[in-house]
Amino acid sequence: MPASPSTARAINDRLALRLLQQEGPLTAGQLKKLTGLSRPSVADLVERLAEAGLIGVVGESGEQRRGPNARLYGIVADRAHLAALDVRTEGVSVVVADLLGAVLAEASVPITDETDTAPAVERAVALVERTAKEAGVERLHTVGVGAPGLIDPATGELRDSTGLPEWHRRLAAALQERFQARVVVENETNLAALAEQRDGAARDRDTFVLLWLGHGIGAAVVLDGVLRRGASGGTGEIGFLPVPGTGGMPSATGCEGGFHSLAGAAAIAELARPYGVVASAVEHEPHAAALVREAVFRVASGSAPVPVSGSAPVPHTAGVVDVAAGGGGGPRSSPRPFGGAASEFLDALADRVALGAASVIAVLDPGCVVLSGEIGRAGGEVLAARVRERLGRMTPLPTEVRAGTLGGGAVLRGALLMARDGAQDELFAPPER
């Protein structure tokens with residue numbers, strides 16, 4: 001059946017708004033060309049959207065002619081304001097942005113394990129309040145929150161998870177109460193995948209797996225353009241994946257003994273020690289990321305590694321890790337033409353990462369794996385190439401391995417994209433009849 005006039009108008013309005021979102025300010029003539037609508041129809045929708053306060057004239061085009069086609073129309077960015085939070089076990093980061101996602105202010109605050117639940121929640125909420133005030137924002141329309149742990153698919157709330165602070169679960173309700181805003185919560189790794197797909201390494205992929213390498217380890221699964229969360233919200237909890245070489249097995253209450261014990265930040269830092277890779281810690285990132293970055297620098301520059309003080313020098317021999325025999329405690333002695341302990345450390349790390357990635361590939365066949373998080377970004381193409389080469393030998397399924405481009409900032413970027421999408425869906429919806 002043909003659409004009714006009101007439905008057709010609503011469809012055209014949404015199309016025009018999406019084009020203005022994607023392309024930036026456009027003239028009426030450009031909207032006519034991109035939508036395929038007639039000139040009168042474009043004139044009508046421009047008038048409707050302007051009256052609704054959603055678009056306005058933001059400038060003049062370079063066209064040397066008179067009339068409305070010379071006017072540039074754009075979405076009214078201050079029609080609504082957004083906040084995005086990256087909630088970690090050690091603190092919170094926040095950005096406040098306009099409806100187009102342009103950041104107006106940002107800040108972060110540490111929250112230690114010793115902080116009680118109520119003061120921790122108040123500290124996080126107060127941070128959002130201060131940041132909004134700094135941005136000159138009086139009211140928040142939507143707040144996007146990225147947090148570790150499982151999101152209940154029925155309620156959209158963080159589930160009670162062992163090892164995570166209680167204040168994480170209390171935060172969403174406190175934000176809703178303080179700001180009277182729409183609050184949306186999503187798992188941090190899923191948000192990183194959203195950010196890498198929109199603005200990062202997976203922009204040309206509808207199907208891929210993002211492997212998060214940070215303090216913890218996790219995965220996000222995007223199939224045919226849709227983020228898959230699973231029946232209980234637990235898709236991608238690969239820290240619990242049983243793998244050889246850990247000396248134990250994970251349990252329902254903890255991932256020690258699982259893949260986390262091979263590829264989590266603490267395990268990577270321990271792995272670096274016998275190879276003599278040392279680095280100064282960097283604030284707000286796992287120490288393992290600095291170690292991996294240092295190893296990549298040494299490989300790129302060809303500089304010799306310096307042994308850890310008090311330890312024996314590490315021989316410049318191969319670093320093939322016998323994962324099944326203990327997860328790679330140090331280098332073994334089969335020579336390689338591109339020797340160097342830093343290279344051996346990265347080889348050993350790639351062995352571990354490929355072990356978990358191969359299990360995911362065998363089940364999902366995603367065609368592409370993005371190494372994200374602070375450690376994934378620190379390893380860059382050097383680590384990605386090593387993982388790619390190992391997967392080529394471990395699985396018959398062709399798989400690209402790409403280095404994420406957004407690093408630890410992917411979660412905050414993803415939370416902002418989620419908030420922006422939610423606000424625009426609501427504001428751009430046709431009025432109820």
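Trainee: How many of the 18 residues of α12 are buried?

Mentor: In helix α12, 15 of the 18 residues are buried, so the helix is mostly covered, where buried means under 20% relative accessible area, exposed over 50% and partly exposed in between, using a 1.4 Å probe and protein chains only. Bear in mind that this is a predicted model, in which local features need pLDDT of at least 70 and side-chain atom pairs count only at pLDDT 80 or more, while totals for chains, interfaces and linings use all residues. Residues are numbered from 1 along each chain as its sequence is written, and side-chain values use heavy atoms, with hydrogens and water left out.

Trainee: And how far does α12 reach from its first C-alpha to its last?

Mentor: Helix α12, residues 410-427, reaches 25 Å, close to the 26 Å expected at 1.5 Å a residue; the expected span is 1.5 Å times one less than the number of residues.

Trainee: Stepping back, how many helices and strands does the chain have?

Mentor: The chain has 12 helices and 12 strands, which are DSSP runs numbered from the N terminus (H or I and at least four residues for helices, E and at least two for strands). Of its 433 residues, 51% count as buried.

Trainee: Which residues touch the most other members in the largest nonpolar core?

Mentor: That core has 47 residues, and those touching the most other members include Leu211, Phe345, Leu371 and Val387. A nonpolar core is a set of buried Ala, Val, Leu, Ile, Met, Phe, Trp, Tyr and Cys residues joined through side-chain atoms within 4.5 Å. Helix α10, residues 341-364, supplies the largest share of this core, with 14 residues.

Trainee: What does valine 387 touch?

Mentor: Leaving aside residues up to four places away in sequence, valine 387 touches Ala350, Val353, Ala354, Leu371 and Val401, a contact being heavy atoms within 4.5 Å. There is also a second, separate core of 31 residues, including Val42 and Leu54.

Trainee: Which strand do 6 bridges join to β8?

Mentor: That is β9, residues 217-223, which runs antiparallel to β8, and two strands pair if DSSP finds at least two bridges between them. A hairpin through 3 residues joins β8 to β9, and leucine 213 stands opposite isoleucine 217. With β11, residues 368-372, strand β8 pairs in the parallel sense over 4 bridges, and there leucine 211 stands opposite leucine 371.
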